[in-house]
Amino acid sequence: MAGERSGDLLGGRVLRALRRALPERRIRAEGVGGEAMIAEGFSSLYDLERLAVMGLVEPLGRLPELLRMRARLRERWLREPPDLFLGIDAPDFNLGLARRLRRGGVATAQLVSPTVWAWRPGRVHKVARAVGDLLCLFPFEPALYQGVDVRTHYVGHPMARELVGESDRSAARQALGLADDAPVIALLPGSRSAEVAQIGADLLAAGRALKSRDAQRQLVMPAASPERLEQCRRLIDSAGAAAEVRLVQGQSRDAMVAADVVILASGTATLEAMLLQRPMVIAYRVAPVSWRLMKRMAVTPYVGLPNILAGRAVVPELLQHDLTASALALEAENLLGAAGRAQVDALRSCRDGMARDFDLEAGRCLSELLTTPPAASVS
């Protein structure tokens, strides 16, 4: 069960890793996933886009649909129990489903810990009630579950090994149709519809403001899916900015590699930019009610993974009311100079110690669960 594109990418890797770890076994996988999982033979019972909802309050508008989906999946898998239920991120949806399946005798696991290190630390108990095993992407996460009845496994983040070493900026610019001898600003408004709706216009306006100060600067905006491509195209067309922005589908990594500075939505992309050692500014906005609740339950003052990993404000974060086009442009302008080089030095230190073979570790862990599944809890 993946909840959005980043989970789908992890799910695709998991399916490949399982087939390598269990070459003699036929693996049949179904649930909810996207292109990466489907390419590995996965049967998606629902469109992944239906689960990609952000914030605390925003999902309420879709709650009846989400509850019906979860009920149907629960009934299906209690009637025909799988050998293992694996939730991939999307904890608000997946952990509730996992808890009910576990009560019915299904072995359950979760890949990607909820952000208990950022807010709502009490969720460690919810995780323990829902799953027997938790696969963690970051080295500091297993310690957060000490004293809680769940087995934790640090499997590493796949990007940490993928992105070690220097990246070819010239090749990335060529792939995107950008000039090699002029600055590039990458605008990444997120992979979910709500993210683009909340911050896309501000990112676009910030990029145009930066370009107005130097006409040689190039703007590139990668869209995560065909749906986001159309959404971003409408945004650009309504601003009359089609001649100023190179809009592409996918190629977010190329865009970051090509960039002199990245302005992006908080999320997995911030980790990618950190590992690529690209100066960045983080943008984040949700519905006002969600924001008030999140502020009340926050553990750390940061939302961006690079800052949480560093334990300090390495990357500028413009959040909620502080998120304006002019503020984004100001921070990005600073990063085009010495401040950007200083940030990259700090990002390099954050990257140390994160490299681990995710495919090997996740495949080994899950293959053990499939061949010797733990007893399911009836709590």
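## Terms and basis

A residue is called buried when its relative accessible area is under 20%, exposed when that area is over 50%, and partly exposed in between, as computed with a 1.4 Å probe on protein chains only. Helices are DSSP runs of H or I with at least four residues, strands are runs of E with at least two, and both are numbered from the N terminus.

This is a predicted model, in which local features need pLDDT of at least 70 and side-chain atom pairs count only at pLDDT 80 or more, while totals for chains, interfaces and linings use all residues. Residues are numbered from 1 along each chain as its sequence is written, and side-chain values use heavy atoms, with hydrogens and water left out.

## Helix α11 and its surroundings

Because 7 of the 9 residues of α11 are buried, this helix is largely enclosed by the rest of the structure. The buried residues are T270, L271, E272, A273, M274, L275 and L276. They pack against the helices α6 (158–162), α10 (252–258), α13 (305–310) and α15 (338–351), and also against the strands β10 (261–265) and β11 (280–284), where contact means heavy atoms within 4.5 Å. After α11 comes Q277, which has a positive phi, near 60 degrees.

## E272 within the helix

E272 belongs to α11, which spans residues 268–276, and with a relative accessible area of 9% E272 is buried. Leaving aside residues up to four places away in sequence, E272 touches M159, L163, R253 and M256.

With R253, the side chain of E272 also makes a polar contact of 2.5 Å. Such a contact is a pair of N or O atoms within 3.5 Å; within protein, one atom must be able to donate a hydrogen and the other to accept it, and residues adjacent in sequence count only if both atoms are side-chain atoms.

## Aromatic rings

The structure holds 2 aromatic pairs. In the pair of W77 and F85, the ring centres lie 5.9 Å apart and the planes stand at 55 degrees, so this pair is tilted. The other pair, F138 and F140, is stacked, with 5.8 Å from centre to centre and 10 degrees between the planes. Rings of Phe, Tyr and Trp (its six-membered ring) pair if their centres lie within 6.5 Å, and planes under 30 degrees apart count as stacked, over 60 as edge-to-face and the rest as tilted.

W77 is buried at 4% relative accessibility, and F85 is buried at 4%. F138 is buried at 5%, whereas F140 is partly exposed, with a relative accessible area of 27%.
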